[in-house]
Structures are given as structure tokens and as C-alpha cells.
Amino acid sequence: MFQSFDTVIDPSVGSARCAALRQELNSRGLDGFLIPRGDAHQGEYVPPSEARLAWLTGFAGSAGTAVVLADRAAIFVDGRYTIQVREQVDTAVFEPLHLIEMPPATWLGGVLKPGNRLGYDPMLHTVAGARRLRAACEAAGAELVPVSDNPVDAVWTDRPAPPVEAVVLHDAALAGEAARDKIARMQVAVSEAGADALVLTQPDCIAWLFNIRGADVPHTPVPLSFALLPAQGRPRLFIAAGKLSDAVREALDALTDIDQPDALVPALAALGADGARVMLDANWAGDALATAVTGAGGRVIERDDPVTRAKAIKTAAEIAGARAAHLRDGAAYARFLAWFDGTVAGGLDEITVAETLERFRAETGALKEISFDTISAAGPNAAIPHYRVDRASNRRIPPDSLFLIDSGAQYADGTTDITRTMAVGDVAAEIKRHFTLVLKGHIAIATARFPVGTSGAQIDALARIALWKAGLDFDHGTGHGVGSYLSVHEGPQRIAKSGHVALEPGMIVSNEPGFYKAGSHGIRIENLELVTPPAPIADGEREMLGFEALTLAPIDRRLVVADLLDAGERDWLDRYHARVLREIGPLVDPQTRAWLEGATAPL
């Protein structure tokens, strides 16, 4: 199994570990310290050696920050984790706060005292993030103090070793573009920005650029690394030597110079000493990297990482791979849904369901990994948007309830992510109404047509209008970008109130509105959508972009209140289900096909 269900979080650890950290801070003359969830790469997943926030507080979510001061401590999480944080963290030690409503910089501005020295690890905070923190400290008369070695590591006596997993070459036929050509294309972007070199800190961008993959972090096939891309000449890849076989090193030697990761900061300082103009993404690059350049006399040019956008626009080969991966995954998922429907009445629990779905995917013979820990949630657990089942929380699925499962797979030709919410027995009329309102939002996104230049923020409301009219909403984005055998959550595109990047043909985004009633039930319906090229509309004046659903799996018709759907929405659901049957039906066994025919019947 790629997912462990062992209980690893213990809220009781917070008090002693926080006390140990305070003692260490006092010895260094610091009045407080910031502990972000991210590592030096700012990725969603971090290796065990970088999981400082989880070690200190017990919080296992994918986004958050803690602040430990001499007399108080707080942990900041977003709306996905407001319930989870109170279950995993000792709230007598760490006060839970909303990351958006009360950002750490705002909170610090109100609690720091003149003369306080607040420590931070400049490799773990982005340039933009450190700038906000520095301004908050200065406004309070305090000082933001960089540390060369992290004080959490000093008290984390059993800290795991960093990962050294093998790097593999990604087939150029699946990538659709040779690494050498990608490098040349990105060097043009560096030159056009007026920079001498670009610092790359996101491992998925580096993996895409060099057509490599790895296994340093869970579920995302990337090697942890950094890179310097000059406007002219050979790039430099900073990666632990132990990750490279002779064959991989030989292939990379043809493209780039190779150094150890700890050579990055000296390399940036050398560029700075030469007066170089170094480009970096202030929202991703560590503050220490910018300081290395400017401290030596160079200039930093803050720009969006051009690799991020290039990676998001899939090649024809990657689009073909995504379609193939979703067909394969759809057949496995149909087998799973048929099994679930025929077995759940006999009694199932959350772990058994997650394990069985992974087994069906593994039986394709093509599964490389799951793309994230499966959210397998029964009853009230589904009201926790990012619930992660473990052996302590594992719940049996009760009769006459909802079951939500959010899961995905990593195949060499594509990454999948799907959520379905299923009826178990007879469910209340209110729940069916909530489900149908969420479905209306999903259909509104799936059928949207929009002009070139439209951002995700401009269409996010489409997913919420039906809920808003009922006085309801959901506290997460409607959709995130998805990589090609890379991160299941990639940028820069997203459908959210904060998604201000234009959607472009070839981008893949999720479409996943939801609704969550604490202590009762949760609903989410998720497909991945490919942004399609501009096309004419009958009697229209402008060509419009649109979406093609990549995900192919039934949506539970038993939960749909047909009278709440208009004619166009009913037609969309029937046409989508007809397509699922047409494309997935031939790929499954007769018993699954018989179930699929019923699950995809017209309303």
C-alpha cells in the first residue's frame, strides 16, 4: 500500500516540545520563532526530515504556520483545517487561528513588544513572506532575526535523515518535448526578463525542465533539488549525488552541470559578486537565496517563475497521456464503485474502502503511486474537507448516510484526482438537496464558456451561486491545477477567489465544489477538466474557451433531486453519464458493466 493508516499524530507532545523550544530560543537570545509547515522548496508534501510543524504541534495538515513566543503560542491554518487542527493540537498550548482571517503577520503586529527579537529560518520563508513578517516586526518595534541553523532541529533529537531516493528519466515521448528544448525555451524567457540567471526552487518545475522524476516526498514523483538557469550557457542542477545512478548522471551531464545542494547559496553569492541580475519568484524562493545575491552586490529581479506557466500548459503528448490515464483510472474506479455498492450493506469501514480502491488501481499494472492520501470519510468525518483516516479515527460506514471519497493516482502518462459522494441506504431529503445544489455548481463550471484572458477568480462564483441562494457556501477553492505525472496540486492556474491567473488551453484544473455540515455530513463532486482552445459559439461574436471533462465516473443519481435541476443541467448529467458508459463500459468486466449501465441511466 502507498498509504499508511498508522496513527502518528499525538496532541500531547506539544507541551513538552514547545517548552524545549522555548529553552533553546532563550539560550540564543530570541523571544520567539516562526515554524512554517513548508520546507525550502515550499511544496505541499515534505519529507519526514522537514516536518517540523507536525513534530512540534501534532498538526498533520498540508498548510499552516506556528509561532512560539515566550509566553504564548499560536497555530494558523486555513478553512480546510479549522476542525482538524483542534483534534490534532493541544489548544491549551497553541491557540488555533484562521490563516486568512488572522494572518501571522497581522497577529504578530498586535502581540510583539518593542525590542523583541523574533527568529526565522530564511530558507523556509519566501522572499514575499519574510517581507510581510519584517514589516510587522518593524511596526511593533521588534526585530526579525534570521538564523543560520534552525532551533527546532536542535531540540528534535530523533529527526529522520533527508531522503535520497533514486532519480529516473521521464520518457520524452510522454513529455512531448525534449529537456534540451525546454531549457532553450526557458532561457529565452530569462533573457526577456532582463535577467542573467533564474533560480528554480520548486522540485516539480525542475523535474519538468530536465524530464526527470523521483520519490523524495510522498505521492509526488519529484527529486528534491534546486537549479540555476542562466540566460546563456549550461544550467546547474543542485541535487544530492546519491540520487543519481551512472545512467541518469550521464544523461543529465549532457544537459547541465551537477552540484550538491549546499553549493547553491555560494553560487548565488558568486553571481552577486559579479553584479549579476538574478531572477526569482518571491512567492516561492527562500529569503536566504535573495539575501545571498544582494548581500554580495547583485540585483534580484522578482518575477513569476516562467517554468510554472510553461509546465501548466500541457503538450499534445501530455494531453493524450492525461486522457489515457483517466480512461484507465475510470475503469478501475467503476470496478470500485460497483464493489462498494454491492458490499457496503454488509458493513465496511473507511480504511477497507481506501485500501480496496488502491488495489483496483494497482491491478491496472500501471499505478506508480497514489497522488495524495485518500480522503475516505463516513458520516460526520466527511464534514472535515481534508480528513485523513487512521487506525484511531477509522469509522464504520453507518446505514442511511453519505460516504465521501477523494482520491487520485499517479501513472507515468498522467495524474488523476476524483471525488465522489455516495448514498448508503436512504438519506434525508435535506442531504439530497445539499447534494443537488453542489451538483448545480459543478455543472455550472463544467459547461462554462469564457473569453481568452478569463481567470479562475472570475468563474469561481459559478460554482457557488446555487449554494449562496440557499445561504450556504464552502470554505475552499473550487479548483486547483494538476500536473502531468507530477504534483496533483500545481499552479499557477486555479479556480478560486484568489485565482487571478488567466486560464489557457492545455491547462488542467479540478472542478470540485462542496458543502460541509459539521458533525453531520460532507459533499464534494470533483472532476478534472482540460481547458479547451477558443471555439465559435452559434450566433456569437467571440470565440470562447471551455472545459473538457477528463474524469469519467458516475455521479450518484440516487442523491439528485431532479426537480432542482433545470433542463440544461439534466441534459448535461445525462450526456456525461452516456459518455462514461460509452468510454468506460468496454474496458470493464460484464458484471461491472451491468452495474455501470444502471448507474449511468438517464434521470
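**Entry 1: the whole chain**

I noted at the start that this is a predicted model. I then looked up the secondary structure, and the chain comes to 20 helices and 27 strands. Next I asked about overall size. The C-alpha trace spans about 70 × 55 × 50 Å along its principal axes. I compared the radius of gyration with the rule for a compact globule. For 603 residues the rule gives a value near 25 Å, and the chain has 24 Å, so the two agree.

I looked at burial next. Buried residues make up 58% of the 603 residues. The chain exposes about 23100 Å², and carbon and sulfur atoms supply 52% of that area.

The chain has 57 positive and 77 negative charges, and their mean positions are 2 Å apart.

**Entry 2: helix α4**

Which residues of α4 are buried? I found P104, A105, W107, L108 and V111 in this helix, which runs over residues 104-111. They cover an arc of only 160° around the axis, so they sit on the same side of α4. I then looked at what covers them. The cover includes the strands β1, β2 (65-69), β3 (73-77), β4 (95-98) and β5 (117-120). Helix α5 (127-139) is also part of it.

**Entry 3: helix α11 and what follows**

I stayed with the loop between α11 and β13, where D274 is found. Is D274 buried or exposed? Its relative accessibility is 67%, so D274 counts as exposed. I took one distance from here. D274 and V199 are 75 residues apart along the chain, and their C-alpha atoms are separated by 16 Å. I also noted G275, which follows α11 and has a positive phi near 75°.

Most residues other than glycine have a negative phi, and most peptide bonds are trans. I wrote down the following exceptions.

- Q42 is not a glycine, yet its phi is positive, about 60°. Q42 lies in the loop between β1 (32-36) and α2 (52-57).
- Y485 is not a glycine either, and its phi is positive, about 50°. Y485 lies in the loop between β21 (479-481) and β22. At 11% relative accessibility, Y485 counts as buried.
- The peptide bond from G491 to P492 is cis, with omega near 10°. P492 lies in strand β22, residues 490-495.

I looked up P163 in the loop between α6 (151-155) and β7 (168-169). Which residues does P163 contact, leaving aside neighbours within four places in sequence? I found P47, S49, D216, L224 and K243. I followed up on D216. P163 and D216 are 53 residues apart in sequence, but C-alpha to C-alpha they are 5.5 Å apart.

N211 came next, in the loop between α9 (203-210) and β9 (212-213). Its relative accessibility is 5%, so N211 counts as buried. I set aside residues up to four places away in sequence and listed what N211 touches. The list is V168, L169, H170, A172, A175, E177, A178, A179 and K182.

L472 is buried, because its relative accessible area is 17% and the cut-off for buried is under 20%. Beyond neighbours within four places, L472 is in contact with H434, L437, L467 and F515. I also took a distance to Y516. L472 and Y516 are 44 residues apart in sequence and 9.3 Å apart in space, C-alpha to C-alpha.

Notes:
Residues are numbered from 1 along each chain as its sequence is written. This is a predicted model: local features need pLDDT of at least 70, side-chain atom pairs count only at pLDDT 80 or more; totals for chains, interfaces and linings use all residues. Side-chain values use heavy atoms; hydrogens and water are left out. Helices (H or I, at least four residues) and strands (E, at least two) are DSSP runs, numbered from the N terminus. Buried means under 20% relative accessible area, exposed over 50%, partly exposed in between (1.4 Å probe, protein chains only). The radius of gyration is taken over C-alpha atoms; the globule rule is 2.2 Å times the number of residues to the power 0.38. Accessible areas come from the Shrake-Rupley method with a 1.4 Å probe; for residues, only the protein chains shown count as cover. Lys and Arg count as positive and Asp and Glu as negative; His and the chain ends are not counted. The place of a charge is taken as NZ of Lys, CZ of Arg, CG of Asp or CD of Glu. Contact means heavy atoms within 4.5 Å. The arc is that of the directions from the helix axis to the C-beta atoms.
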